[in-house]
Amino acid sequence: REEYNDILADLKNRSWSSFEEALAALLEADARTLEVEQVGYWKIGEMAASMTLQDMFVQSQNKHVKGHSLAAKDYPFYFKALDGLRTLSAEDACEDPFTSEFKDDYLIPQGITSMLDIGVRSHGSLIGILCHEHKGPKRQWQHEEENFALGIADLISAAIGKEEQSHWVTERKTLVERIRALENELKKKK
């Protein structure tokens with residue numbers, strides 16, 4: 001759908017003051033465009049042993065939540081699937097072999113019927129998951145919807161890259177300032 005391309009182009013051309021601001025805006029645009037109840041970004045931990053919810057937009061409540069963590073040992077099939085796939089599309093999340101692990105403690109209590117998860121990558125490595133959680137009748141994800149979600153995942157990856165670059169520039173400036181201060185102290189001592 002051309003509308004999806006227009007939205008992605010608009011989001012790509014925006015500038016945000018921080019990664020957190022960019023992430024919140026991208027999740028909101030994603031949820032509203034694809035009409036999904038919850039869209040969240042989960043950051044993959046070291047050695048892919050866990051993932052932590054950086055931010056999730058809950059559309060019906062117009063609010064953001066964060067902070068939950070999942071351990072790979074508790075959801076082995078899901079974590080294994082993420083390792084090899086860019087897109088995990090579950091029309092029936094309770095019955096899908098990779099997402100059914102969440103059935104009793106999350107999907108049923110939350111009323112989530114369908115999921116669309118997209119791997120967020122940086123330099124070829126999986127760094128996070130863009131998770132779409134649909135409530136209501138089971139939903140077969142359309143190719144255009146998956147492509148839109150892939151575009152959002154790429155924008156998240158780009159925002160992370162900008163944040164990392166900004167962090168390194170700041171650290172470099174701090175280091176240069178420390179070196180100059182040490183040089184000045186050494187000159188004073190001579």
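Two residues are in contact when heavy atoms lie within 4.5 Å of each other. Helices (H or I, at least four residues) and strands (E, at least two) are DSSP runs, numbered from the N terminus. The model is predicted, so local features need pLDDT of at least 70 and side-chain atom pairs count only at pLDDT 80 or more, while totals for chains, interfaces and linings use all residues. Residues are numbered from 1 along each chain as its sequence is written, and side-chain values use heavy atoms, with hydrogens and water left out.

Helix α3 comes first. Its buried residues pack against β2, β4, β5, β6 (112-122) and β7 (125-135). Buried means under 20% relative accessible area, exposed over 50%, and partly exposed in between (1.4 Å probe, protein chains only). Tyr78, Phe79, Ala81 and Leu82 are the buried residues of α3. They span an arc of only 160 degrees around the axis, which places them on the same side of α3. The arc is taken from the directions from the helix axis to the C-beta atoms. Phe77, Lys80, Asp83 and Gly84 are exposed on the other side of α3. An α-helix has 3.6 residues a turn, so residues three or four places apart point the same way.

Rings of Phe, Tyr and Trp (its six-membered ring) pair if their centres lie within 6.5 Å; planes under 30 degrees apart count as stacked, over 60 as edge-to-face and the rest as tilted. The structure holds four aromatic pairs. In one of them, the ring centres of Tyr78 and Phe79 are 6.1 Å apart and the planes stand at 80 degrees, so the pair is edge-to-face. Tyr78 has 1% relative accessibility and therefore counts as buried. Phe79, at 10%, also counts as buried. The rings of Tyr78 and Phe102 have centres 5.0 Å apart and planes at 85 degrees, so this pair is edge-to-face. It links distant parts of the chain: Tyr78 belongs to helix α3 (residues 76-84), and Phe102 to the loop between β5 (87-90) and α4 (103-110), 24 residues apart. Phe102 counts as buried, at 5% relative accessibility. One aromatic cluster is formed by Tyr75, Tyr78, Phe79 and Phe102.

Strand β2 has several partners. Two strands pair if DSSP finds at least two bridges between them. Strand β1 (residues 38-44) and strand β2 (residues 50-58) pair in the antiparallel sense over seven bridges. Ile44 has Met51 of β2 as its bridge partner. The hairpin of β1 and β2 has five residues between the strands, and Met47 takes a positive phi near 60 degrees there. Strand β4 (residues 69-71) runs antiparallel to β2 and is joined to it by three bridges. Here Thr52 stands opposite Ser69 in β4. Strand β3 (residues 63-65) is likewise antiparallel to β2, with three bridges. Phe57 stands opposite His64 in β3. The hairpin of β2 and β3 has four residues between the strands, with Asn62 at a positive phi near 50 degrees.

Gln59 sits in the loop between β2 and β3. With a relative accessible area of 26%, Gln59 is partly exposed. Leaving aside neighbours within four places in sequence, Gln59 is in contact with Ala31, Arg32, Glu35, Val36 and Glu37. Polar contacts are pairs of N or O atoms within 3.5 Å; within protein, one must be able to donate a hydrogen and the other to accept it, and residues adjacent in sequence count only if both atoms are side-chain atoms. A polar atom of the Gln59 side chain lies 3.2 Å from the backbone oxygen of Ala31. The Gln59 side chain also reaches the backbone oxygen of Val36 at 2.9 Å.

A nonpolar core is a set of buried Ala, Val, Leu, Ile, Met, Phe, Trp, Tyr and Cys residues joined through side-chain atoms within 4.5 Å. The largest has 29 residues, of which Leu27, Tyr41, Ile118, Leu130, Ile152 and Ile156 touch the most other members. At least two residues of this core come from each of α1 (2-13), α2 (19-34), β1, β6 and α5 (143-189). The largest share, nine residues, is supplied by α5. Another core lies apart from this one, with 22 residues, among them Leu53, Tyr75, Leu88 and Ala93.
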